[in-house]
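The points below are grouped by topic.

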Amino acid sequence: MASTAYAVYCFEVLAASLEKREALTLNQVETLWSKYSNSTQAEDDGEELDNYDAEMTEDEHDEDEGEDEVKIESIKHDASSLQPSNISSLRISSPATGSSTPSTISTTSSQAALDSTSKSSSKSSFFSFGQKQHPALPKEEEYPLFVTWNTVNSRGYKSLRGCIGTFNAVALSDGLKSYAITSAFEDSRFSPISLSELPTLSINVTLLMNFTPCSGPLEWNVGTHGIRVSFSYHGRHYGATYLPDVAVAQGWTREETMISLMRKAGWSGRSSDWKKVGDLKCIRYEGKVATLGYSQYRDWKTWTDSRPKEQ
């Protein structure tokens, strides 16, 4: 699954390049985004709880008045019946903090565990004692990926501003950094993105997976698959791709998508002749997308910059 932190990282890389500063690493961004998300969620939960407590306090006041009438009537019949049995049901319990505490192992239990080991395990432990263990670091994830920059106008309409990626699996830290910059500055269809455009941008990060050769050029589903085509025309070889969201955004059918994709690759024939193109091959694939707008990045960056610097 494409994490939102990947999109945050691409924004951070681009912003740092435009602002002539050093960018945070992917690991740093992932950690800070997680803390930021937890922090904002806790604030939202706190506001909901405050509103809930305010509503319940008013209800309690009304119920308490009725409760007093019941108690007064009860006193007339039996003075010994003055028990606050209903009071607890009117209280609003505070959010559960959890009664469990982190488990610890005492020296007594540790010793008992050691005494119960077999001689062979004791011998193994003896010879391994004092040797520093180096747990294997988890291998960084690798994916084919594309980074897409869009500009968003005041009415919320998006316009493509740059999109470049790779079908080769690359380590995410290197791939995201590289293609965030390449798609912003080196897409030949557009001029390089400028600092003044930064607040108008949004980003899609698409991780590609499940590549499958199609038995026919229409053996794929709009909204599910991206398409990569290759073909020969007038002695030249052509190829191009559309990510899974393109056909949906344009409202195209599968055939309209194929014709547009072939024209994108450089084909100039008649639309009715697209199936006659020689050696037409098609591969379908799926993509997991993370999307982020500049305002979301800005709020995260403001929160990050306001944090005390770690020593």
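Aspartate 305 is partly exposed, with a relative accessible area of 45%. Its partner in a salt bridge is lysine 301, with the closest N and O atoms 2.9 Å apart. The model is predicted, and the structure holds nine salt bridges in total.

- Lysine 301 and aspartate 305 both belong to helix α8 (residues 294-306) and sit four residues apart, about one turn of the helix.
- Lysine 301 has a relative accessible area of 15% and is therefore buried, the cut-off being under 20%.
- Aspartate 305, at 45%, falls between the limits of 20% and 50% and so counts as partly exposed.

- Glutamate 219 and arginine 284 form a salt bridge in which the closest N and O atoms are 3.3 Å apart.
- This pair links distant parts of the chain, 65 residues apart: glutamate 219 is in the loop between β3 (201-213) and β4 (226-233), and arginine 284 is in strand β6 (residues 278-293).
- Glutamate 219 is partly exposed, with 35% relative accessible area.
- Arginine 284 has 19% relative accessibility, which means that it counts as buried under the 20% limit.

**Salt bridge network**

- Arginine 21 and glutamate 19 meet through their side chains in a salt bridge, at 2.7 Å from N to O.
- Arginine 21 is partly exposed at 28% relative accessibility.
- Glutamate 19 is also partly exposed, and its relative accessible area is 38%.
- Lysine 301 was given as buried, at 15%.
- Apart from that pair, salt bridges that share partners join Glu12, Glu19 and Arg21 into one network.

**Helix α7**

- Helix α7 (residues 254-265) contains 12 residues.
- From the first C-alpha of α7 to the last is 16 Å, close to the 16 Å expected at 1.5 Å a residue.
- The buried residues in α7 include Thr257, Met258, Ile259, Ser260, Leu261, Met262 and Ala265.
- Among the elements that cover the buried residues of α7 are β4, β5 (236-242), α6 (244-250) and β6.

**Helix α8**

- Helix α8 has 13 residues.
- Its first and last C-alpha atoms are 18 Å apart, close to the expected 18 Å at 1.5 Å a residue.
- Tyr294, Tyr297, Trp300, Lys301, Trp303 and Thr304 are the buried residues of α8.

**Whole chain**

- The chain has eight helices and six strands.
- Read from the N terminus, the order of elements is α-α-α-α-β-β-α-β-β-β-α-α-β-α.
- Of the 311 residues in the chain, 31% are buried.
- Contacts between residues at least 6 apart in sequence join residues at least 24 apart in 73% of cases.
- The accessible surface of the chain is about 20300 Å², and carbon and sulfur atoms account for 51% of that surface.

Conventions. Residues are numbered from 1 along each chain as its sequence is written. This is a predicted model: local features need pLDDT of at least 70, side-chain atom pairs count only at pLDDT 80 or more; totals for chains, interfaces and linings use all residues. Side-chain values use heavy atoms; hydrogens and water are left out. A salt bridge is a side-chain nitrogen of Lys or Arg within 4 Å of a carboxyl oxygen of Asp or Glu. Buried means under 20% relative accessible area, exposed over 50%, partly exposed in between (1.4 Å probe, protein chains only). Helices (H or I, at least four residues) and strands (E, at least two) are DSSP runs, numbered from the N terminus. The expected span of a helix is 1.5 Å times one less than its number of residues. Contact means heavy atoms within 4.5 Å. Accessible areas come from the Shrake-Rupley method with a 1.4 Å probe; for residues, only the protein chains shown count as cover.
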